[in-house]
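Trainee: I am new to this structure. Can we go through a few of its helices together?

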Amino acid sequence: MTTATSLLESAVARVADALADPGALIRYPGERGEPVSLEGNAGAALFLAELAGHDPGRLPAAHAHLSVAARALNGTASAGLYHGPAAVLAAAQACARLGGHYPRLRHQLTRHVAAELLARITAAPPRSAGVDWTEYDVISGAAGTGRLLLGAVVEGDPQERAAAEPALRAALTRLTDLSRPVTVDGHRVPGWWVPGARQATPADQEQFPRGDFNLGLAHGIAGPLMQLVLCAEAGVTVDGQLAAVQRMGRWLADRTDHDTAGPYWEPRLAFEDEIVRAAGGSTDPSAHAAAASGGAWCYGAAGIANALARAARLTGEAHWHRLALEGTRALLRRPATEQHLKGPTLCHGRAGFQQSLWRLGRLTGDRELLDQAASLAEGLAALADPEAPFGFRHLTPVRSDLGWDRTQPLRAADNGGLLEGAAGVAAALLSMLPGTAGDGPHWDRVLLLS
């Protein structure tokens, strides 16, 4: 065993030991540590189930966390993939791969999640009025929830497939429709336009009064693009789906910017900037451009590159493939990369960057990216905090009524969950350990990286 492998294994085991008791998450709830969340017991179960593929002795702890999350549902509605029945379904699917556990729970949750998604799609307003990113994104919308339903269709038993497939096809139809342009104030713009009135915070409404177009993997069009591609790879398609992949992929490729290091993507384009860019003009980099040169999974270039590279493999668009690799290599050359990673965790931090980099390396067979991911993993494991109850601490900006206050120092939180907690850091480190079989690991499907 190498020193690096030993360091990673030690960090993963430290987190797993801290999560052995499901009650630990109640004592340190973090930001959103409710049991029926991937930041709570459902997320811990997902990580421990993945770890049980390496160490079967961890499976009882995974089951214990899942049981706590399932009992806590009590009519809770899903708010996308990360909260409620959908989060518990993600954990149940992970446990099911190791012995077919919880068939009744999976059937119930699949029916419930599918019905919720169908109801949301049916109630969605006309696209001409714009969309809210919670309708389509990975965290709260059809891209993320649809990934769970794809798992039920491809890996589930006949009951799960029958429950999931109609809702999955409806979601694919909606995402396909989202790719078609709409007319706003006399301009033809992409159908995923989020108008000013539907921006997430007052600060966003002030910054984007006429709305914006989000490029990122978590909240932007890269998420729906990835979901359409993953479903096509699995043989689940609807009319117009491949044309939608072409429209979304072409738009991302056309919205590539360049600096001295190479290609990058701004995380968000204002309505006015999109009009200029669509006409062939250029715009000054926005205040958000610096974040695009960072490596965060949610908005950074590595997440977008994964979607573009996967779409390139499906469509044969060699230009997209080159852009994905060049944009990621440029990211590694930028000294500012580390400055835009908020601590060790997945969403805004180093674990998400490492996992995105490693997935892209696996997808493309690029040795440089795989080696860089291994180096990042060693640095990530070294960030383990012996004083933290779960082994790693989440760092987050202070939030005010107007949004995140980036003038304040980052605040540390004790969180054992997946997206913003120690379980996600350990899951990313686990990906780098020897012994991952087949197309695994599976846990990062909730990031739409697989």
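Trainee: Which helix holds glutamine 227?
Mentor: Keep in mind that this is a predicted model. The helix in question runs over residues 222–233. Glutamine 227 therefore belongs to helix H11.

Trainee: Is glutamine 227 buried or exposed?
Mentor: Its relative accessibility is 1%. The cut-off for buried is under 20%. So glutamine 227 counts as buried.

Trainee: Which residues does glutamine 227 contact, leaving aside neighbours within four places in sequence?
Mentor: Contact here means heavy atoms within 4.5 Å. The partners of glutamine 227 are Ala143, Gly146, Arg147, Leu168, Leu172, Leu175 and Leu448.

Trainee: What is the span of helix H12 from its first C-alpha to its last?
Mentor: H12 covers residues 241–254, which is 14 residues. At 1.5 Å a residue, 20 Å is expected. The helix comes close to that, reaching 20 Å.

Trainee: Which residues of H12 are buried?
Mentor: Buried again means under 20% relative accessible area. In H12 that picks out Gln241, Ala244, Val245, Met248, Gly249, Trp251, Leu252 and Ala253.

Trainee: Are H15 and H16 roughly parallel or roughly antiparallel?
Mentor: H15 spans residues 301–315 and H16 spans residues 318–333. Their axes lie 7 Å apart, at an angle of about 160 degrees. Angles over 145 count as roughly antiparallel. So H15 is, relative to H16, roughly antiparallel.

Trainee: How many charged residues are in the contact of H15 with H16?
Mentor: Ala301 and Leu308 of H15 are among the contact residues, as are Trp320 and Gly327 of H16. The contact divides into 11 nonpolar and 4 polar residues. The number of charged ones: none.

Technical notes:
Residues are numbered from 1 along each chain as its sequence is written. This is a predicted model: local features need pLDDT of at least 70, side-chain atom pairs count only at pLDDT 80 or more; totals for chains, interfaces and linings use all residues. Side-chain values use heavy atoms; hydrogens and water are left out. Helices (H or I, at least four residues) and strands (E, at least two) are DSSP runs, numbered from the N terminus. Buried means under 20% relative accessible area, exposed over 50%, partly exposed in between (1.4 Å probe, protein chains only). Axes are lines fitted to C-alpha atoms, for helices over the stretch in contact, and angles run from 0 to 180 degrees between N-to-C directions. Angles under 35 degrees count as roughly parallel, over 145 as roughly antiparallel, 65 to 115 as roughly perpendicular and the rest as oblique. Ala, Val, Leu, Ile, Met, Phe, Trp, Tyr, Cys and Pro count as nonpolar, Asp, Glu, Lys and Arg as charged, and the others, Gly among them, as polar. The expected span of a helix is 1.5 Å times one less than its number of residues.
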